[in-house]
Amino acid sequence: MNNLAVNNAVRFIGLLFLQVLILNYVNIFGHINPMVYIVWVFLYPVRKARSLFLILSFLLGISIDFFSDSGGVNAFAITFIAYFRLPILMAVLKKSDLDYGQFNLKTLSANKIILFISILTVIHHFIVFSLEYFSFSEFLNIISNTVLTSIFTIMISFLGITLFAKKK
Amino acid sequence: MRQIIYFIKKFRYFLLFIVLEILAFIVIVQDHSYHQSKFVNSANAITGGVYNKVNSVSAFFHLKKDNQLLSEENARLKNLLEARANKFVLDSFTVIDTSQYFQKYDYSTAKIINNNFTKRNNFLTINKGTKHGLTPDLGVINSKGIIGVIKNVSSNYASVLSILNTNSKINVRLKNSNHFGTLVWDGKDYNITQIIDIPRQAVVKTGDTIITGGKSAIFPEGIAVGVVKDFKYEQNKYQIINIVLFNDMSAIGEVQIVKNLHKDEQIILEQSVVNE
């Protein structure tokens, strides 16, 4: 348990600084900045008590907002996908119940991991860009930004998750 | 009562979710209304401190370019001084009449420690705050042109509303004809901004220089902005005027803060006219 708490704390701070100090400045093709900090939502252990997870996700989002001056956009989006993580995971696995203690994302097949993180990433990015542009007339911009940024976020998150999986 | 407690217990996870989302939404709405000072911004001790530390390393790599910019500006200012000296060289005596001198603008320097230019609404963070006399609504410029307006200040840091932001509306004019317009940004290319509200009588040509108008109480008149890239004149008015900025907004470091010492006087006067 203690080990888990330390693990989560390191991941929280690591992802926060990775996002605000490096990934916010990579500017692929001039303007695409992948939002890899949502790996937090993918990797947080699945437990029955979920309130702490929701609060921590909100805190991570609002910390990102503090650094990037984006209001509460990231906090809103990450809390949203944190809440819907479990239903989506169930849908991807086509199960109605999970073995909470034993479950580990890294034991899934690659297809299912990609499907799971893609759904969450696209929802998250769509919310972020909709709230950032805040207008219907920019709908095409919102969609194109969502799609392009999602591609890079999914690639980097998937590589990150699989590369760090075989460490133990 | 028991039922309420049961209800809260049963749906507490969902209720927590709703509370957090409402919190986030309040922050978003506050952020979108410009005149309300917002709580979530990068001008606080923690984020400012982190950006400052990181910047102290990365600034080292720009030293050469910064020096070059400084010497270019020095040369330009020296040229201005020379031009001025020649004008008065025929004066046979000097009278120092202090009532003729007044300082309207006060300049101080600061450094950008966090720069955004790829989002729809961009903010910068600078390393000066209330301790150095900064307040909200001061102009930020550098040697090549305008950069933005200060939005939030903490004791040591300030966040700047970049001209690359939906909420940024700056009064500008054509250098050669005194026609005023408003500088806005459509969010596409960080080197290109737009001008709206230019009267249709104005004659705009590709390559015309755009400078600040001096109608606002923030920027002095005549600070360079950019040149006209192209424009569309339809239905008897200017639909789009694209401006190429002099500044490369992706690479700015040292900036100057402009404080208008007559701002209060001007605003009070303007308000008293409106009230009558």
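**Domains of chain B.** I looked up how chain B is divided, and found domain 1 (45–82 + 103–165 + 252–260) and domain 2 (170–245); the bounds come from an automatic or database domain assignment. This is a predicted model, where local features need pLDDT of at least 70, side-chain atom pairs count only at pLDDT 80 or more, and totals for chains, interfaces and linings use all residues. Residues are numbered from 1 along each chain as its sequence is written, while chains are lettered from A and ligands numbered from 1 in the order written.

**Where the two domains meet.** I noted 23 Å between the centres of domain 1 and domain 2 of chain B, taken over C-alpha atoms. In chain B, 15 residues of domain 1 are in contact with 16 residues of domain 2 (contact: C-beta atoms, placed from the backbone, within 7 Å). On the domain 1 side, strand 3 (139–142), strand 4 (145–153) and strand 12 (254–260) of chain B each give at least two residues. Strands here are DSSP runs of E, at least two residues, and helices are runs of H or I, at least four, numbered from the N terminus. Strand 4 of chain B has the largest share of that side, with three residues.

**The barrel.** Next I traced a closed barrel of six strands in chain B, in the order 1-2-5-4-3-12, with antiparallel pairing (at least two DSSP bridges between two strands). Which residue is the bridge partner of B:Y107 in strand 12 of chain B? I found B:V258. Strand 1 (residues 105–115) and strand 12 of chain B pair over seven bridges.
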